[in-house]
Amino acid sequence: MLKRHGHEAVLAVLVVGALFILSLQSDRFLTLDNLLNQSRLMAEVALVALPMTFVIISGGIDLSVGSTMGLCAILVGVLWQSAGLPLPAAIALSLLAGLACGLFNGLLIIRFGMPPLIATLGTLALYRGLAEGISQARSVRGYPEWFARLGQGDSWGLPSQVWLVLLMLAICGIVLGLTRWGRTIYAIGSSETAARFAGLPVDATKYAIYAATGLASAMAAIVFVSRVSTTRSDMGTGLELDAITAVVLGGTSIFGGRGTILGTALGLILVQTLENGLSLAGVKGDGTVVLIGLVLIVTLLVGALMDRRLRA
Amino acid sequence: MTSQILPARANPPAAAPLRRFFSEYGHECVVALAILVLLVGVGLYNPRFISARNLGSIFSGNAYVAIAAIGMTILIVMRQIDLSVGALIGVLATISGSIAVSGAPIWLAWLAPVLCGMAINAVSGLLVAYAGIPAIVVTLGMMAVLQGGLISVTGGAWISNLPADFLLAKMAVFGLPMPLVWAIVLTIAAGLWLRLTPYGRSFYLIGGNAEAARAVGLPVRRRIVMAFVIHGAFAGLATLMFATQLQVIQSTTPPNLELLVITASVIGGVSILGGTGTVFGSSLAAVLFAAIGSALIFVNVSAYWQRAFIGALILLTVGADMLRRRRAASAGGK
């Protein structure tokens, strides 16, 4: 058990430890209100980090998620306000655009054989550039009341978008842990050539995971727009690094072949707990960023040392 | 199959000198041609674009990207990467500026960023080479540490009242702006060093085939640390050209600078798969970016489209490179 899920166990201990220590620092930290509010704030990164786990396990990476989010947010605003479409139609088109962004990444990586880091570095600039070009730095405001419910309201006792995250968590966990598709993703990450020779649908699976990541970025965009009631072209800047940090902190190997959804979920919770708890304890936001960077490096350092010990 | 483990450009086939030059520096020629087409095309549309004053200001204002891309090129040739370089340049600029306003000798304010850059990157290099954590993760963490650290130490305050003799980038050598001279000299020096010395060539060997490099007795781990340290030195030099342009030093780091530097290296022909690429290419690519940004304004396209153009350019360049490589591979197979 510990050998197989050692990293998750370490993370769980870290999360509990952080919760304990931080609750001593501020009595506003461990309250239901605060925890629910934090789950609302982490929804966008979580939506993207979950499918990003698939991408990284398959040995790839997607740096373009933040830009995809910005482009999809702008499209909702522009299609609704400037093109005069009804808001649900604008949302549907924006989700389609996110899917298309993901498929285009897949096309560059699979069909043209570009390294994922480079292909998505290019689309990071391209999608953000399209968002900036389309919006011309104008923001869109004045969304209707009902739309705010997704990002600002509650449903069945939880912030609405948390249900979306839980649904995504369940789907990703089941697909990765229990289905043939999930095992195919691990096989691709361990050795793409071997997976191909074994007759696995390598290309189709890779298209699917990049498309899913693009779609999830669009969902994150809509949740974000609804939460802040504004659309701006710089939305989601740096989201890729937050998502990758959560995934890697969760024990997914950046070389592929190894990682779990549970790990990513714990990684997300740890980052959000530290950010919120430390700021309540009086640490400025930027000190928190330093600590998250250090936690990332130290966790991996400990993981690497443990690996070496186990193998020896 | 010795060609697999030697630097790709070390052993060209005997051919006419001109053809040999093109086969070795084909990629660099393409980038240079793109710059030329851009200059002539936009210059015909709006002659003010190619005025000496405009060209001088866009090239010297962006020279620091080319200088930082030299170090990044060496790293990427070694199959490493550094996501923290933008944050690092921000931190080094603040260190340099703080020393300059403290009344210490100016040469100390100029030397400190280079030394601090080397020291900070040595930490990243050690974590990568000896702890075995992938560079992308180490430098992601380092980016957070540097970025957050900078803001929490400075509290967001800008440094102003810089002494006039600190502003290195404002000076000129033989009538040429200092940043331009530095970028050219450093590119040529680094390019020759990488190409002609055994030490420089060992980076290509390690990037191309680390196993073979180990087998011939190269200290692979030490060289990886060294590549990070050299990259840190270039980040320090880039900082000098960046921080001394204006009267103030902001405490925020230029957004997405790391991506701009990595992109310059990649467009310049550095293969992310390691083992190939030159600093001439990366510097030319930095020039190309600077020219595109300015050209859009001169042809009355909103500057907001600039990033979309650069993104499309990256994908076209890399796509063309993949095609060329595939064709070369199938031609070699015959």
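Let me begin with a term: a helix here is a DSSP run of H or I with at least four residues, a strand is a run of E with at least two, and both are numbered from the N terminus. Counted in that way, chain B has 14 helices and two strands. Please bear in mind throughout that this is a predicted model.

I shall stay with chain B for a moment. Its radius of gyration is 20 Å, and the globule rule gives 20 Å for 334 residues, so chain B is as compact as a globular protein of that length. Along the principal axes, the C-alpha atoms of chain B occupy a box of roughly 65 × 55 × 35 Å. Buried residues amount to 47% of the 334. Of the contacts in chain B between residues at least 6 apart in sequence, 78% link residues at least 24 apart.

Turning to chain A, we find 14 helices and two strands. A compact globule of 312 residues would have a radius of gyration near 20 Å, and the 20 Å of chain A agrees with that. The box for the C-alpha atoms of chain A is roughly 65 × 55 × 35 Å, and 52% of its 312 residues are buried.

Where do the two chains touch? On one side are 39 residues of chain B, in contact with 40 residues of chain A. The elements of chain B that give two or more residues to this side are α6, α7, α12 and α14. The most come from α7(B), with 13 residues.

The largest nonpolar core has 199 residues, and A:Leu47, B:Ile67 and B:Ala68 touch the most other members. Helix α11 of chain A, residues 202–228, gives the most to this core, namely 16 residues. As for B:Ala68, its contacts beyond four places in sequence include B:Val85, B:Phe234 and B:Val261.

Note on methods:
Residues numbered from 1 in each chain as written. Chains lettered and ligands numbered in written order. Predicted model: local features only at pLDDT ≥ 70, side-chain atom pairs only at ≥ 80, totals over all residues. Rg over C-alpha atoms; globule rule 2.2 N^0.38 Å. Buried ≥ 20, exposed ≤ 12 C-beta atoms within 10 Å, placed from the backbone. Core = buried A, V, L, I, M, F, W, Y, C linked by C-beta atoms within 7 Å. Contact = placed C-beta atoms within 7 Å.
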